[in-house]
Amino acid sequence: MKINIRAEAPQDYTAIREANDKAFEQQNEGRLIEALRALPEFIPELSLVAEHHGKIIGHILFSPVEIRGKQTVHQALALAPMAVLPEYQGRGIGTQLVEEGLRQARQMGFGAVIVLGHEWFYPRFGFRPASRWNIRSPFPVPDAAFLALELRQGALQGVKGMVKYLRPFEEV
Ligand SMILES: CC(C)(COP(=O)(O)OP(=O)(O)OC[C@H]1O[C@@H](n2cnc3c(N)ncnc32)[C@H](O)[C@@H]1OP(=O)(O)O)[C@@H](O)C(=O)NCCC(=O)NCCS
């Protein structure tokens with residue numbers, strides 16, 4: 001299926017919210033995106049939409065996080081949330097959104113990405129349990145669902161600690 005993936009623009013905000021509401025069957029993620037967008041840390045170039053014949057059918061967002069050790073702080077990205085409209089799922093759109101997002105993030109110079117999500121989806125992109133680096137989630141989650149990926153080989157070497165998400169994540 002031919003789709004176009006590009007950075008969000010203001011005219012997409014409503015469709016992004018609707019895609020998330022429908023994919024998650026709740027409004028938390030749509031609200032989260034809007035709260036994140038209001039922050040100075042928000043990176044619009046890493047809020048990507050998948051467009052098919054002019055219709056927004058999927059969305060992915062990466063936002064900055066810190067990995068805080070006892071005496072160290074490392075910058076990274078969190079992939080969250082991502083959504084594909086239910087009627088378009090299972091056709092490779094989610095895969096294309098992740099691949100394009102990772103490519104953009106690498107190009108922007110980020111070293112690593114954290115994701116809390118489906119263990120059946122993210123390992124295909126190279127994500128592995130974050131516990132292998134001693135990177136911990138601030139939320140109680142199963143080990144297999146909290147994953148990390150190096151965008152640059154060795155970027156997580158020696159990095160450990162607790163992931164600090166932007167504040168709106170604590171309110172979801
Ligand atoms: C997760 C999501 C974004 C994936 O988007 P998508 O366009 O369906 O993704 P793709 O088609 O590229 O790939 C989906 C893969 O997961 C597989 N899959 C789907 N549901 C699955 C399940 N319950 N268990 C195991 N595998 C599953 C599909 O078979 C497919 O694998 P394949 O490529 O080997 O056939 C989409 O399902 C979605 O929006 N879900 C609801 C919101 C959500 O959970 N977001 C992610 C939060 S971490």
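Pro81 is found in strand E4, where strands are DSSP runs of type E with at least two residues, helices are DSSP runs of type H or I with at least four, and both are numbered from the N terminus. A cis peptide bond joins Ala80 to Pro81, with omega at about -15 degrees. The model is predicted, so local features need pLDDT of at least 70 and side-chain atom pairs count only at pLDDT 80 or more, while totals for chains, interfaces and linings use all residues. Residues are numbered from 1 along each chain as its sequence is written, and side-chain values use heavy atoms, with hydrogens and water left out.

**The ligand and its surroundings**

- The ligand has 19 residues around it, and those that come nearest are Gly90, Gly92, Gly94, Thr95 and His118; a residue is near a molecule if one of its heavy atoms lies within 4 Å of it.
- Helix H1 (13–24), strand E4 (73–84) and helix H3 (93–107) each contribute at least two residues to the shell around the ligand.
- By class, this shell holds 10 nonpolar, 7 polar and 2 charged residues; Ala, Val, Leu, Ile, Met, Phe, Trp, Tyr, Cys and Pro count as nonpolar, Asp, Glu, Lys and Arg as charged, and the others, Gly among them, as polar.

**Contacts of the ligand with the backbone**

- An oxygen atom of the ligand is 2.7 Å from a polar backbone atom of Gly90.
- For Gly92, the separation between a polar backbone atom and a ligand oxygen is 2.8 Å.
- For Arg91, a polar backbone atom is 3.1 Å from an oxygen atom of the ligand.
- The ligand has 950 Å² of accessible area on its own, and the protein covers 64% of that area; the areas come from the Shrake-Rupley method with a 1.4 Å probe.

**Arg91**

- Arg91 is found in the loop between E4 and H3.
- Arg91 counts as partly exposed because its relative accessibility is 45%; buried means under 20%, exposed over 50%, and partly exposed in between, with a 1.4 Å probe and protein chains only.
- The side chain of Arg91 reaches the backbone oxygen of Glu87 at 3.0 Å.
- Arg91 and Ala145 are 54 residues apart along the chain, and their C-alpha atoms are separated by 23 Å.

**Positive phi values**

- Glu25 is found in the loop between H1 and helix H2 (28–37), and its phi is near 55 degrees, a positive value in a residue other than glycine.
- Glu25 counts as exposed because its relative accessibility is 74%.
- Asn134, in the loop between strand E6 (128–129) and strand E7 (135–136), has a phi near 65 degrees, also a positive value in a residue other than glycine.

How values were computed. Polar contact = N/O pair within 3.5 Å; in protein donor to acceptor, adjacent residues only side chain to side chain.
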